[in-house]
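Subject: Structure handover

Hello,

Here is the structure I promised to pass on. Please open it before you read the rest.

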Amino acid sequence: MIQVSKILSQGHGLAPVLLKRASTVELDWDVRQKSRFAATDSAGRELGIFLPRGTLVRGGDVLVAEDGSMVRVIAAPQPVLVITHCQHHGTAFDLTRAAYHLGNRHVPIELQPDHLKIEPDHVLADMLRAMHLIVTEQSLPFEPEGGAYAAGHGGEHHHGGHGHGHGHGHEHDHPDAHSHDHGHSHGRSHASAPAATTAAPARGRTVSIPVVAQGHVHGPHCNHDH
């Protein structure tokens, strides 16, 4: 068994020719959300994956084996529920409402501009249909949204090739005759500055928001059932 302990997010930094030569491995979401698992790649090699805990493997990521070989990950098709709004009697905002209620239930969701995906659940499917959404069962790759504070793999994230430089220099050009001196000497203590106080966070209470189906006229083009 070949050990794998390194992952390159979306093959970042690799030449396309290297990605093309790499073997592949198809994994569904149940496996890709684990940091330790076994798999067999397209070359028939047995792989033992040992990644840092908390690592999520995404389709397009590249695993680097101990012998230096690379394995490109493919998100395998799996059963999912595809949620869309009724184009004849609903609006795209219905998907926002659906995502809100699913998020309240901590359901993994793949967000797309015109649809949502979740793992099969007949109770949730009935709830969504009661909200006049169209729910269909399909076999597709599943890439649910990551947590807001989970920045890629172990804190590494990329934004389409642009870097974030946080050293922003600002020049103030004032047409008036007077000038402003914005220089601060950090070697001195500012005795006149009042001590900052931290207010205790407000404590709230959980509020349950019921799902109320809105009035809806069913037409021949609606595919949702009650």
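Predicted model: local features only at pLDDT ≥ 70, side-chain atom pairs only at ≥ 80, totals over all residues.

**Helix α3**

Start with α3, which covers residues 93-104. It has twelve residues. At 1.5 Å a residue, they should span 16 Å. The end C-alpha atoms are 17 Å apart, which agrees.

Which residues of α3 are buried? They are D94, L95, A98, H101 and L102. These residues cover an arc of only 125 degrees around the axis, so they sit on the same side of α3. The spacing fits a general rule. An α-helix has 3.6 residues a turn, so residues three or four places apart point the same way.

Just after α3, look at H106. Its phi is positive, at about 55 degrees.

**H85**

Next, go to strand β7, where you will find H85. Is H85 buried or exposed? Its relative accessible area is 19%, and the cut-off for buried is under 20%, so H85 counts as buried.

Leave aside its neighbours within four places in sequence. H85 then touches G90, T91, A92, D94, L95, L133 and I134. Two of these contacts, D94 and L95, are also among the buried residues of α3.

**Salt bridges**

Side chains of opposite charge can pair when their charged atoms come close. How many salt bridges does a search of the whole structure find? It finds six. Three of them are described here.

- K34 and D30 meet through their side chains, at 3.9 Å from N to O. K34 is partly exposed, at 39% relative accessible area. D30 is partly exposed too, at 42%.
- R45 pairs with D41, and the closest N and O atoms are 2.9 Å apart. D41 is buried, with 5% relative accessibility.
- E143 pairs with R58, with the closest N and O atoms 3.0 Å apart. E143 lies in the segment after β10, and R58 in the loop between β4 (46-50) and β5 (62-65), so the pair ties together parts that are 85 residues apart in sequence. E143 is partly exposed, at 22% relative accessible area. R58 counts as buried, at 18%.

The last pair also belongs to a network of salt bridges, which links R32, R58 and E143.

Best wishes

Technical notes. Residues numbered from 1 in each chain as written. Heavy atoms only, no water. Helix = DSSP H or I, 4+ residues; strand = E, 2+ residues; numbered from the N terminus. Expected span 1.5 Å × (residues − 1). Buried < 20%, exposed > 50% of the residue type's maximum accessible area, 1.4 Å probe, protein only. Arc of directions from axis to C-beta. Contact = heavy atoms within 4.5 Å. Salt bridge = Lys/Arg side-chain N within 4 Å of Asp/Glu carboxyl O.
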